[in-house]
2 protein chains.
Amino acid sequence: MSESAPRPTLEAVAARAGVSRATVSRVVNGSDGVREPLAERVRRAVDELGYVPNQAARSLVTRRHDAVAVIVAEPETRVFADPFFARQLRGISKELTAHDNQLVLLLTEDRDDHARVARYLAGGHVDGALVFSLHIDDPLPGLIRRAGLPTVFGGRPHWSGGEDGVRYVDTDNRGGARDAVRHLLGLGRRRIAHITGALDQTSAVDRLDGFRDVMADPDPALVEEGDFTAASGERAMRELLGRRPDLDAVFAGNDLMAAGALRALREHGRRVPDDVAVVGFDDMLPIAEQTEPPLTTVRQDIEEMGRLMARLLLRDLDRSTAPDEREGAGPTGVVLPVTLVRRNSA
Amino acid sequence: MSESAPRPTLEAVAARAGVSRATVSRVVNGSDGVREPLAERVRRAVDELGYVPNQAARSLVTRRHDAVAVIVAEPETRVFADPFFARQLRGISKELTAHDNQLVLLLTEDRDDHARVARYLAGGHVDGALVFSLHIDDPLPGLIRRAGLPTVFGGRPHWSGGEDGVRYVDTDNRGGARDAVRHLLGLGRRRIAHITGALDQTSAVDRLDGFRDVMADPDPALVEEGDFTAASGERAMRELLGRRPDLDAVFAGNDLMAAGALRALREHGRRVPDDVAVVGFDDMLPIAEQTEPPLTTVRQDIEEMGRLMARLLLRDLDRSTAPDEREGAGPTGVVLPVTLVRRNSA
DNA sequence: GCACGCTGCGAGAGCGCTCTCGCGGCCGGG
DNA sequence: CCCGGCCGCGAGAGCGCTCTCGCAGCGTGC
């Protein structure tokens with residue numbers, strides 16, 4: 001291992017190019033005010049020496065870090081059981097690197113971690129935060145807001161009603177649910193059941209609302225709460241079949257629960273989609289394709305969601321540097337469209 | 001949004017406690033040489049002011065960042081299609097935060113990204129790197145080694161044969177494959193086929209080797225190459241059934257391919273496990289549980305793998321700070337055990 | 001031809017921290 | 001009782017960068 005040569009400093013580059021530190025800095029940071037022959041000499045010196053700016057030194061004076069934290073509240077085993085997390089991260093990563101920002105990942109597990117995260121954010125290591133926190137009683141959002149960092153949430157937070165301009169990106173859960181149910185109606189189904197997700201998450205609530213929008217006053221016996229897991233879907237389906245053996249369709253709050261429902265239906269000798277049509281939500285691959293039959297489901301562009309979150313945040317960060325165009329501008333919540341994907345289950 | 005009060009500096013704390021900066025620094029960093037009454041006064045001042053050290057300033061002088069990069073070579077859609085990635089990250093994250101290190105995530109997509117990553121690592125933002133790069137022609141590992149940063153690889157790299165002491169953590173792919181095949185033999189199966197993963201990845205090669213260890217000179221017609229996707233598993237299974245309709249078992253290189261194989265078997269009217277027993281690899285949830293029938297498979301503790309990678313790296317980082325116990329010590333490659341999980345497919 | 005402005009560059013301070021060095025006070029030994 | 005050693009603390013330099021300021025040097029207008 002080559003004894004790491006001491007990295008060249010601005011000073012060194014300046015000496016080599018025969019100019020002052022200030023001039024090198026100007027060239028490196030692309031600000032104008034350096035005439036061409038000189039600028040070229042500096043550029044040559046830079047890559048002859050393999051100069052790379054020391055970010056720590058730079059941050060020290062600019063108070064910028066070109067880094068944002070991605071905070072995932074992890075009791076959400078949901079986040080970890082499915083591939084969404086990775087896709088979302090990829091979208092975020094793409095957008096961030098396109099703007100030369102780094103991604104610092106913070107996974108929180110329990111209360112201790114919250115203190116740690118709060119400390120970290122207060123420590124001023126990052127310029128902003130992207131936060132995934134789905135449960136209603138999560139203290140994290142509060143902590144983060146207190147840190148005063150620009151923040152964008154993934155998924156509509158519970159208190160988003162207020163006029164306090166909290167930024168978030170969400171998928172059109174309600175609209176997607178409506179599409180799903182309308183599709184079932186279009187197939188001639190009339191006794192349509194719904195298996196909800198965990199109702200302490202806005203996505204589950206919104207999907208239920210969408211279901212109600214279309215079904216207008218549905219039989220309560222046709223709605224059963226699950227928690228987004230396959231096991232809960234199976235259980236809920238059995239429940240529903242017990243209460244309303246005549247049901248002819250079911251809209252599950254996500255694909256995992258739809259897969260569970262499929263098993264319960266099979267167990268009860270119902271054919272899908274002939275006897276009972278099934279629609280899921282998420283288009284979670286490879287699950288949605290691997291079920292028997294493959295799931296008709298509502299697809300959301302999860303990567304785009306990540307990208308958008310990052311974009312929103314970066315815009316805020318820019319603004320806080322730029323003149324004094326503070327606050328106000330721009331949407332506080334963005335809702336992404338969904339599309340119904342038809343396979344064989346409905 | 002409260003106009004962020006200028007964060008208190010060491011200086012401020014020193015003033016409040018009526019001591020010098022140096023003393024505060026000593027207390028904050030837990031070095032001894034400060035007597036009790038004074039130390040206590042400093043501690044009080046610290047949390048009265050809510051002082052948090054400025055990491056940039058600290059890094060500037062210590063040349064430490066308490067941050068490590070996690071680099072994921074992403075043409076690996078495999079990494080993104082399955083939940084491993086998240087689990088691994090979680091393991092890494094746990095270990096890192098336990099040692100007060102941050103996790104900087106770098107996802108690379110194409111050649112451009114490589115340059116970016118190389119620049120980033122050279123820029124000295126992180127103290128070390130954890131690298132996931134599975135394909136044989138990936139230029140990333142070379143770039144990273146050139147940056148001279150302590151590095152640990154996830155999965156055995158291709159060139160690990162050399163004595164150059166490259167550190168890695170891998171699962172016991174070969175041993176796991178042997179277990180799987182022996183299990184099938186134990187069930188009385190004799191015409192056992194194998195669907196391999198993409199053979200430019202060491203995990204696939206090692207699993208194939210394990211298969212061969214037990215089968216000693218298997219009929220080449222009983223081995224078919226896949227690429228770790230469900231579609232490839234399905235295709236390979238059809239191929240195998242065409243060549244050897246009498247086969248009575250199949251060991252798939254991962255669960256996704258096993259799921260594909262299951263579909264092909266069903267399509268050909270074979271009952272599982274009665275006619276053909278199937279074993280997968282990974283215990284990838286929820287897939288492995290959701291197939292029909294649920295998969296018997298080889299489980300690896302993926303989170304532990306992440307944790308171990310981080311631990312290995314941190315050890316190296318410590319050493320490079322500590323006296324001059326350089327190089328040499330400690331294992332270069334660690335292989336984690338696997339366990340066979342019996343469900344209904346074999 | 002002189003004053004004035006503007007533009008290109010250098011000098012220097014300072015960001016918040018760590019760490020070496022040196023000094024004063026206290027103790028023990030002669 | 002005096003001196004040497006050690007321990008606890010403060011002074012100050014310096015990490016590598018950015019950015020303000022001021023000073024030349026040039027061009028322009030009267």
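Helix H9 (residues 173-186) of chain A lies across strand E6 (192-196), strand E8 (249-252), E9, E10 and E12 of chain A. Its direction is about 165° to that of E9(A). Axes here are lines fitted to C-alpha atoms, for helices over the stretch in contact, and angles run from 0 to 180 degrees between N-to-C directions. Contact between two residues means that their C-beta atoms, placed from the backbone, lie within 7 Å. Helices (H or I, at least four residues) and strands (E, at least two) are DSSP runs, numbered from the N terminus.

This is a predicted model, in which local features need pLDDT of at least 70, side-chain atom pairs count only at pLDDT 80 or more, and totals for chains, interfaces and linings use all residues. Residues are numbered from 1 along each chain as its sequence is written, while chains are lettered from A and ligands numbered from 1 in the order in which they are written.

Now the sheet itself. Six strands of chain A form an open sheet in the order E7-E6-E8-E9-E10-E12, with mixed pairing. Strand E7 (223-225) and strand E12 (338-341) of chain A are the edges, each pairing on one side only. From one strand to the next, the twist averages 15°. Two strands pair if DSSP finds at least two bridges between them. Strand E9 (residues 277-282) and strand E10 (residues 296-300) of chain A pair in the parallel sense over four bridges. A:Asp282 has A:Arg299 in E10(A) as its bridge partner. Helix H11 (residues 230-243) of chain A lies across E6, E7 and E8 of chain A, at about 145° to E6(A).

Next comes the chain interface. Here 42 residues of chain A are in contact with 42 residues of chain B. On the chain A side, H6(A) gives the largest share, seven residues. That side divides into 22 nonpolar, 13 polar and seven charged residues. Ala, Val, Leu, Ile, Met, Phe, Trp, Tyr, Cys and Pro count as nonpolar, Asp, Glu, Lys and Arg as charged, and the others, Gly among them, as polar. E2(A) and strand E2 (residues 102-108) of chain B pair in the antiparallel sense over three bridges. A:Leu105 has B:Leu103 in E2(B) as its bridge partner.

Last, the DNA. DNA strand D is surrounded by 25 residues, the closest being A:Thr9, A:Leu10, A:Ser25, B:Ser20 and B:Thr23. A residue is near a molecule or strand if its C-beta atom, placed from the backbone, lies within 6 Å of it. H4(A) gives the most to the surface near DNA strand D, with five residues. The residues of this surface divide into 13 nonpolar, eight polar and four charged.
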